[in-house]
Amino acid sequence: MNGNSFALAVSFAIVVLGLLILLAAEAVGAADTFVVGGGAVTLVGVGIITVTIMRIPHPDPEHGGDSDHDHA
């Protein structure tokens with residue numbers, strides 16, 4: 001889980017950085033290239049978060065893990 005935690009922390013930092021770039025560029029009226037670049041950085045961070053979450057193994061419901069379905 002340490003690798004996943006590190007990847008999530010880095011990707012969250014990338015999202016925040018991208019949003020800061022995007023918002024700052026928009027606020028000062030910078031060229032559209034900077035605004036689009038900030039948006040692209042943010043999307044990369046979201047993609048990394050998505051991949052990291054998808055790689056986390058789910059608990060096996062037959063061996064004590066939680067399940068959405070009740071088995072009688």
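## Helix H1 and its buried residues

In helix H1, the buried residues are Ser-11, Val-15, Gly-18 and Ala-25, where buried means under 20% relative accessible area, exposed over 50%, and partly exposed in between, with a 1.4 Å probe and protein chains only. Helices here are DSSP runs of H or I with at least four residues, strands are runs of E with at least two, and both are numbered from the N terminus. The model is predicted, so that local features need pLDDT of at least 70 and side-chain atom pairs count only at pLDDT 80 or more, while totals for chains, interfaces and linings use all residues. Residues are numbered from 1 along each chain as its sequence is written, and side-chain values use heavy atoms, with hydrogens and water left out.

H1 covers residues 2-27. Its 26 residues should span 38 Å at 1.5 Å a residue, and because the end C-alpha atoms are 37 Å apart, the two values agree; the expected span is 1.5 Å times one less than the number of residues. Just after H1, Gly-29 takes a positive phi of about 70°.

## Helix H2 and the packing of the two helices

Helix H2 comprises residues 32-55, and its 24 residues should span 34 Å at 1.5 Å a residue, which agrees with the 35 Å between its end C-alpha atoms. The buried residues of H2 are Val-35, Gly-38, Gly-39, Thr-42, Gly-45 and Thr-52. These buried residues of H2 pack against H1, and what covers the buried residues of H1 includes H2.

Ser-11, placed in helix H1, is buried because its relative accessible area is 0%. Leaving aside residues up to four places away in sequence, Ser-11 touches Gly-45, Ile-48 and Ile-49, a contact being heavy atoms within 4.5 Å. Thr-52, found in helix H2, counts as buried because its relative accessibility is 8%. With residues up to four places away in sequence not counted, Thr-52 touches Asn-4, Ala-7 and Leu-8.

Val-41, which also lies in helix H2, counts as partly exposed because its relative accessibility is 28%. When residues up to four places away in sequence are not counted, Val-41 touches Ile-14 and Gly-18. The C-alpha atoms of Val-41 and Ile-14 are separated by 6.8 Å, although the two residues are 27 residues apart along the chain.

Phe-12 lies in helix H1 and counts as exposed because its relative accessibility is 54%. The C-alpha atom of Phe-12 is separated by 7.8 Å from that of Val-46, 34 residues apart along the chain.

Together with Val-16 and Leu-20, Phe-12 forms a nonpolar patch on the surface with about 300 Å² of accessible area. Patches are made of residues with over 30% relative accessible area and no salt bridge, like charges being joined within 9 Å and nonpolar side chains (Val, Leu, Ile, Met, Phe, Trp, Tyr) within 5 Å. A salt bridge is a side-chain nitrogen of Lys or Arg within 4 Å of a carboxyl oxygen of Asp or Glu.

## The protein as a whole

The secondary structure comes to 2 helices and 0 strands, and buried residues make up 15% of the 72 residues in the protein. Among contacts between residues at least 6 apart in sequence, 59% join residues at least 24 apart.

The accessible surface of the protein comes to about 5700 Å², of which 68% belongs to carbon and sulfur atoms. Accessible areas come from the Shrake-Rupley method with a 1.4 Å probe, and for residues only the protein chains shown count as cover.
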